[in-house]
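Subject: Handing over a structure, with notes

Hello,

I am passing on the structure that we talked about, and I would be grateful if you kept it open while you read. My notes follow directly after it.

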Amino acid sequence: MKLLLIEPPKKFWFVMGEYLPPPFSLLLLAAIVEKETPDIEVKVIDCQAETIDWNGLEERIRIEKPDIVGSGSHATCNVYKIVRTFDIVKQINPEIITITGGSHFTALDEETLHEYPIIDVITRYEAEKSFINLLTHFQVNGLTKKGLEQINGIAFLENNVFKRTPDVPPLNNDELDQLPYPAYYQVPLQKYHFAMMSNKPYIILEGSRGCTHNCTFCSQQVFYRRHWATKSVNRIVDEMEWMFEKFSSRFFWFTDDNFCAGSPKMIDALCKEMMARGMDGNNIEWFAQMRVDSILQVGDAGLSLMNKAGNYWQLVGGESPFNEVLDAYHKGIQGDQTVEAIRLLRKNNILAQLMIILGHEFETVESIQKTMEWATEVVKPDIVISMLLTPYPGTPMYEYLSQKGRIIDQNWTNYDMIHGVCDMEYLSAKELQEQLYLAYRHVYDSWTRRFSGIFAKNKYKRRIYWYYLKAGVIGQLKKLIP
Ligand code: B12
Ligand code: SF4
């Protein structure tokens, strides 16, 4: 039996510059299949790395003759890419089984299956167990849906009737430790890059999963059901060392939504272990995402150690200066804390990327101006990335805004955080789109800031400002205004 895992052709998110990411989830699933069901032949096709377009993909599927095809959307904005992939598969041979998973399809399993009967099965929540059980089912019983109700954590249609089996629990620490290393040898590793962030090949590393917080706009807390689980320090560094030695990886991108859950003890142990194994700021660079309160908890000494161990860039969700807005989002932080967290990062030579969410329900032109002034004059991070509030399916925000009839655009391609998809109380989706453009102009089109960016001491900051100038990001954002 042959399984094909496909990363379809995709565009990059131009706000962060040109990049080509390794298809981490597929590589992890491929490694698990190889370990758990060695009789199944598994192949990963990364259309981006192999520069395969839609016609090329069709050709490849014909050549490969798979029995089962799997593909995941990563984010809601890619949903139609999965649909198109499976459309091609079913046109070639309707008998091929198609499987997808991830947060969008978990949240909208029933709607999706009815709308796109070309999708045979959806794995719900983490797929490690359900995917293997599914493959084993097809191996033992042939390509039939009969008997699928015995497998937990999936949804499917049987004779057009929707079936959803009991949920699988989130993976725990031990289970994460047992995961095999991703099947990186399936793809051309040297091709992966993130131009704005590093000159070195782009590799993804997973330390932990999930988050115990409950920000109303966040699909991660829903997908992981407010559960956080982590690999052990040794396991994380083992994987890092394996990539460092086997593939000469030097730039690591941690997927963790809440790095080490902000535990100073774990961060201390992790950094010291990396350094003890000869990986530190002299030979590696790593990126992490931390909460504002975690950064404060880790403090000056902890951040200094992180920087010594190679942490050179952090993405921080400050979201808004207004405490009432942060409270409405259930963010659990205050505006002042963001100012201090960013100061600490910069003091410790860690590039501070501040994330801002514009377009809350009662946003006005004035509140957006105040937010952007706060970001650039008070917080003063190295870079500011502004996004529009996007109601991801499954989130409390999605339920709330749906009920209030504020969601005006259900074209999933636009759910990439830079398209206005809601008419809010005072600003329409179109006005929000225009405000997003003005927000970027505020940051990157001011000569003073541009000048200080282009000539900044920090080389990564210089790189970003140059990119914004050369790639015409502001112009691209202007084009999004309808
Ligand atoms: C690394 C990353 C990136 C990398 C790209 C990585 C890649 N391979 O494409 C970069 C930085 C380039 C990126 C870009 C974007 N990203 Co991104 N990204 C992540 C991040 C941090 C890690 C992804 C990951 O590898 N996770 C670990 C794996 C194991 O988890 P997983 O992918 O969910 O896979 C599991 C299941 O979902 C399922 N599954 C997944 N695929 C498949 C396939 C099959 C066949 C099956 C059966 C199951 C299955 O099984 C896996 C194992 O359990 C996540 C947040 C997170 N921690 O997950 C955000 C995240 C996925 N990104 C997000 C977004 C919005 C984007 C962008 C639009 C930019 C933005 N506004 O932030 C762009 C989209 C670009 C594009 N066109 O695809 C959102 C998605 C929100 C949503 N619900 O749609 C997330 C959740 C971040 C967030 N906190 O909101 N991203
Ligand atoms: S802290 Fe981050 S990952 Fe956790 S719920 Fe909030 S936005 Fe999501």
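I will begin with His 74, which lies in the loop between β4 (68-70) and α3 (79-92), where helices (H or I, at least four residues) and strands (E, at least two) are DSSP runs numbered from the N terminus. His 74 is not a glycine, yet its phi is positive, near 65°. As background, most residues other than glycine have a negative phi. His 74 counts as buried because 20 C-beta neighbours lie inside 10 Å; a residue is buried if 20 or more other C-beta atoms, placed from the backbone, lie within 10 Å of its own, exposed if 12 or fewer, and partly exposed in between.

Before going further, please note that this is a predicted model, in which local features need pLDDT of at least 70 and side-chain atom pairs count only at pLDDT 80 or more, while totals for chains, interfaces and linings use all residues. Residues are numbered from 1 along each chain as its sequence is written, and chains are lettered from A and ligands numbered from 1 in the order in which they are written.

His 330, however, counts as partly exposed, because it has 15 C-beta neighbours inside 10 Å.

Of its 482 residues, 46% are buried. Residues 24 or more positions apart account for 75% of the contacts with a separation of 6 or more, a contact being two residues whose C-beta atoms, placed from the backbone, lie within 7 Å.

Helix α11 (residues 292-308) deserves a careful look. Its 17 residues leave the end C-alpha atoms only 20 Å apart, short of the 24 Å that a straight helix would reach at 1.5 Å a residue, the expected span being 1.5 Å times one less than the number of residues. There is also a kink of about 95° in α11, centred on Gly 299; the bend at a residue is the angle between axes fitted to the seven residues ending there and the seven starting there. Buried residues of α11 include Val 292, Ile 295, Val 298 and Leu 303, and what covers the buried residues includes α10 (264-276), β15 (311-319) and α13 (335-347). After α11 comes Gly 310, whose phi is positive, near 115°.

Thr 230, found in strand β12 (residues 228-230), counts as buried because it has 24 C-beta neighbours inside 10 Å. Leaving aside neighbours within four places in sequence, Thr 230 is in contact with Asn 173, Leu 176, Gly 207 and Ser 208.

Finally, the ligands. Ligand 1 is surrounded by 40 residues, the closest being Gly 70, Gly 72, Ala 75, Gly 101 and Ala 127, where a residue is near a molecule if its C-beta atom, placed from the backbone, lies within 6 Å of it. The largest share of this shell, 4 residues, comes from α1. Around ligand 2 are, among them, Cys 211, His 213, Asp 257 and Arg 291.

Best wishes
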